[in-house]
Amino acid sequence: MARANEEAAELLRELADLLSITGGDAFKIRAYEKAARAVAGHPDDISGLDLAGLRAIPAVGDAIARKILDYTRTGTIRQVEELRARIPAGVRALTAIPTLGPKKALVLYEELGVSSVDELEAAIRAGRLRGLKGFGPKTEENILRGIELMRGSRERVLLDAAAGVADEVVEVLSALPQVERCAHAGSLRRMRETVGDVDVLAASRDPRPVMEAFTALPLAAEVVASGEKKTSVRTAKGLQVDLRVVPPESWGAALQYFTGSQAHNIRTREIAVKAGLRLSEYGLFDAESDELIVSETEEEVYERLGLPWIHPALREDTGEIEAALKGELPRLVTEDDLRGDLHSHTDLTDGVASLEDMVAAAHARGLEYYAITDHAPNLVMQRMTDEKMLAQRARVAELQARYPDLALLHGTELNIDPDGGVDWDADFLSGFDVCVASIHSHFNLDRDAMTRRLVRACENPRVHVIGHPTARSIGRRPPVDADWDEVFRCAARTGTALEVDSFPDRLDLPADLIRRARRFGVKFAVDTDAHSVGHHRNIRYGVGTAQRGWLTPDDVINTWPLDRLRAFLRKS
DNA sequence: GCCGTTTTCGGCCCGACTGTTTTCAGTCG
């Protein structure tokens, strides 16, 4: 992804933050935030754009286009530098403390000279906030707690952790007699790769017992806020869970609203305003008469706004509104579309389940074909040998007789060495039905070397799928650095699929790169990379990531019938 | 600062909760 876009977007975000601290015009601040999102999500590298090209980006006008040019020429934006000189970076950092926003941060800086989180903590403990206007004892307490939470590296959690909490809450609340409907919303419903807060929505005419059941849940270690309509708790691990209770007739509008994203909601509400309507979590209303128009289902809400229903995975204001208005929304791939899985492991290498159990699990998923792809010898710790691999192939062939409706493919997951070569010679490789090739080491090559490495792997006629292409580990290891456009061009040209790995800490390719790669005509394989029977369930996260990348069934080779897949694997 | 088949000026999404405040500002999503 164009690094310049991300850097420019970050500078615009910083500009917005600094202006909000210095009390800048709120609409101007919003304009910068909006432009930052647009730049970050823009498909073209902004460093190659001139003034007119920049202005063609939605939400970027003349002033911001010039600021971006300032960045591409000098590496920074002059106004940002000027504001940095006035507002120390530590003051902006204060706003990262929950419950402490720009206004309070500025007061703390101007009145007490506080310009870092550490200084703030010391000031509170020294009693220096006493008597400061707007800062009562509760505020002090909340700030201290906020600092503690932040230091406890309370970060966004992985999808599976959030889904586990959400599933539990929804299950318990759904069983209450007062609850008519209950579901999770928020970034989890949108399948963002990490989740900051879990949002749960319930429809009920009698909210009080619902709120009480919620705060009484064993996972609710602490009640953060509680009201008639909204209650928030925090789990022992620090994950916040918000419950909103709405009247049943508001369900659709509420689900739409609480699913977000915020940027998407702003767009839908703008469309409402322009149509003389008002959209809130309670429904779509006539702005004049306040008369309720629709609210029961999301479909009705979108329809009345002149839009088709938009899949939650697309709701990021990165072009889905425009596509919807033009009737050009993609028909997104779903779990039901998947006929096969092309990446899995057994206890022959680092999997924990037997070949028989993994195949049985694939069969239980209703798959039509399933590839076993254990690790290859160059990942030395896996102790793979030619003999072991050939013996496994024989066992797969035997097992096939027991599964007439599940085609078993014998494959392997090769290691892409630093030069782009892989395990085994072409002759041995030709014995596999499918070869996934992945980076498992030497993550720090420079961009040119990494690009050459991936390109050479794609050019190998025996390599069908590049496994977890960026090799990132969310929260632990950054993606490798490569010229992804170059890699995508090569993958498309050579007929090499890129994997969407469903592991919650991988989700690799990430959605933004998927969307970009698709523009080059790249094909994808949405796989579990399962190392155990339970890992098969992770497929929903891979599918969610593919959906966030706007993939259709035709983009995904393992939705294809087996004969079409086999033709693709010939790479001719 | 952006944007416009009603506009080049005057709008810009909307509501809940908290805390400190006697009527509302700040924060959050």
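**Entry 1: the cores**

I looked up the largest nonpolar core first: it has 47 residues, and Leu12, Ile46, Leu108, Leu120 and Leu129 touch the most other members. I took a nonpolar core as a set of buried Ala, Val, Leu, Ile, Met, Phe, Trp, Tyr and Cys residues joined through side-chain atoms within 4.5 Å. Buried means under 20% relative accessible area, exposed over 50%, and partly exposed in between, with a 1.4 Å probe and protein chains only.

I then listed the helices that each supply at least two residues of this core; among them are helix 1 (3-21), helix 2 (26-40), helix 4 (62-74) and helix 9 (137-151). Helix 1 gives the most, with ten residues. Helices (H or I, at least four residues) and strands (E, at least two) are DSSP runs, numbered from the N terminus.

Leaving aside neighbours within four places in sequence, Leu12 is in contact (heavy atoms within 4.5 Å) with Tyr32, Ala35, Ala36, Val39, Ile64, Ile68 and Ile77. Apart from this core lies another, of 44 residues, including Val333, Met450, Ile466 and Ile539.

**Note on the model**

This is a predicted model: local features need pLDDT of at least 70, side-chain atom pairs count only at pLDDT 80 or more, and totals for chains, interfaces and linings use all residues. Residues are numbered from 1 along each chain as its sequence is written, chains are lettered from A and ligands numbered from 1 in the order in which they are written, and side-chain values use heavy atoms, with hydrogens and water left out.

**Entry 2: DNA strand B**

I counted 47 residues around DNA strand B (a heavy atom within 4 Å); the closest are Arg30, Gly61, Gly136, Tyr257 and Arg269.

Lys138 places a backbone N or O atom 3.3 Å from one. Asn142 has a polar side-chain atom at 3.3 Å. For Glu270, a polar side-chain atom lies 2.9 Å from a phosphate oxygen. Elements giving two or more residues to this surface include helix 7, strand 5 (222-226) and helix 14 (262-274).

I traced strand 8 (residues 277-280), which runs antiparallel to strand 9 (residues 283-286) and is joined to it by four bridges. Pairing needs at least two DSSP bridges. Two residues link these strands in a hairpin. Leu284 is the bridge partner of Leu279, and also stands opposite Val294 in strand 10. In the hairpin of strands 9 and 10, with five residues between the strands, Asp290 takes a positive phi near 65 degrees.

Key
A polar contact is a pair of N or O atoms within 3.5 Å; within protein, one must be able to donate a hydrogen and the other to accept it, and residues adjacent in sequence count only if both atoms are side-chain atoms.
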